[in-house]
Amino acid sequence: MSVCRLLLTSRFANSRHPKGRFRKRQPLLYSGGMKNCNSCGKCCETAGNGGLSATREEIDWWETHRPDIFSYVQGEKIWVDPASGEYFARCPWLRKSSDGKKSTCDIYDDRPEDCRHYPVDIAQMVRDDCEMLERRDLLDLKRAQKKLDVIMIDSRPPAGQWP
Ligand code: SF4
Ligand code: SF4
């Protein structure tokens, strides 16, 4: 998963507000089409085996403020099992509800920007079978991307406007 790391120099720098994967529910900004995130967790299921990245700034912040998170970092790599030195096959912070239908993140407020910026584009959502997508979103990808960018406005700049 690739997300522009230069964002750390933008106005979103060091923001730790809870957006992205498992966004808190917001009012729908458009009628029809894209839904709010329902915490299905499918996007996090694909984040194991080196599927996430973190900036040096994030890693340094974890080292100082969240040593529990930092313990799963090796060099620039996240999330790595300290016992084996290998990537976790599945994100170690992902928790499923007892019925398996909902997911939560154990490090929600301090998760990487890779997670907070998700979803970045429609292709990523299609790849992960993201449940925010409606059939009509797939019929007009440009419009769907605009809707997504509005939904994500507090978390990242619109696609194509990365610094
Ligand atoms: S760190 Fe949290 S939001 Fe990111 S993949 Fe893991 S469970 Fe999902
Ligand atoms: S796959 Fe989509 S709907 Fe499911 S948790 Fe991720 S962002 Fe939310």
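I began with S39, which I found in the segment before helix 1; helices here are DSSP runs of H or I with at least four residues, strands are runs of E with at least two, and both are numbered from the N terminus. The model is a predicted one, in which local features need pLDDT of at least 70 and side-chain atom pairs count only at pLDDT 80 or more, while totals for chains, interfaces and linings use all residues. Residues are numbered from 1 along each chain as its sequence is written, and chains are lettered from A and ligands numbered from 1 in the order in which they are written.

I noted that S39 has a phi near 60°, a positive value in a residue other than glycine. S39 counts as partly exposed because it has 19 C-beta neighbours inside 10 Å; a residue is buried with 20 or more other C-beta atoms within 10 Å of its own, exposed with 12 or fewer, and partly exposed in between, the C-beta atoms being placed from the backbone.

I then looked up D129, in the loop between helix 5 and helix 6, which has a positive phi of about 55° although it is not a glycine. D129 counts as exposed because it has 12 C-beta neighbours inside 10 Å.

For the cis peptide bonds, I recorded one that joins I78 and W79, with omega about -15°, where W79 is found in the loop between strand 2 (77–78) and strand 3 (94–96). The bond from Y118 to P119 is also cis, with omega near 0°, and P119 sits in the loop between helix 4 (113–116) and helix 5.

P119 came up again when I checked L148, which, leaving aside its neighbours within four places in sequence, is in contact with M34, P119 and I122; contact means that the C-beta atoms, placed from the backbone, lie within 7 Å. In helix 7, I listed A144, Q145, K147, L148 and I151 as buried. These residues are on the same side of helix 7 because they cover an arc of only 160° around the axis, the arc being that of the directions from the helix axis to the C-beta atoms. On the other side of helix 7, K142 and V150 are exposed, and what covers the buried residues includes helix 5 and helix 6 (135–139).

Around ligand 1 I found 10 residues, of which C44, A47, C91, C105 and C115 are the closest; a residue is near a molecule if its C-beta atom, placed from the backbone, lies within 6 Å of it. Ligand 2 is surrounded by 14 residues, the closest being C37, C40, K42, C43 and C130.

Last, I checked confidence: the mean pLDDT of the protein is 83, and 79% of its residues reach 70 or more, pLDDT being the predictor's confidence in each residue, from 0 to 100. pLDDT stays under 50 over residues 1–20 and also over residues 24–30. Where pLDDT is low, the predicted coordinates should not be read in detail.

Definitions and conventions. Two residues are in contact if their C-beta atoms, placed from the backbone, lie within 7 Å.
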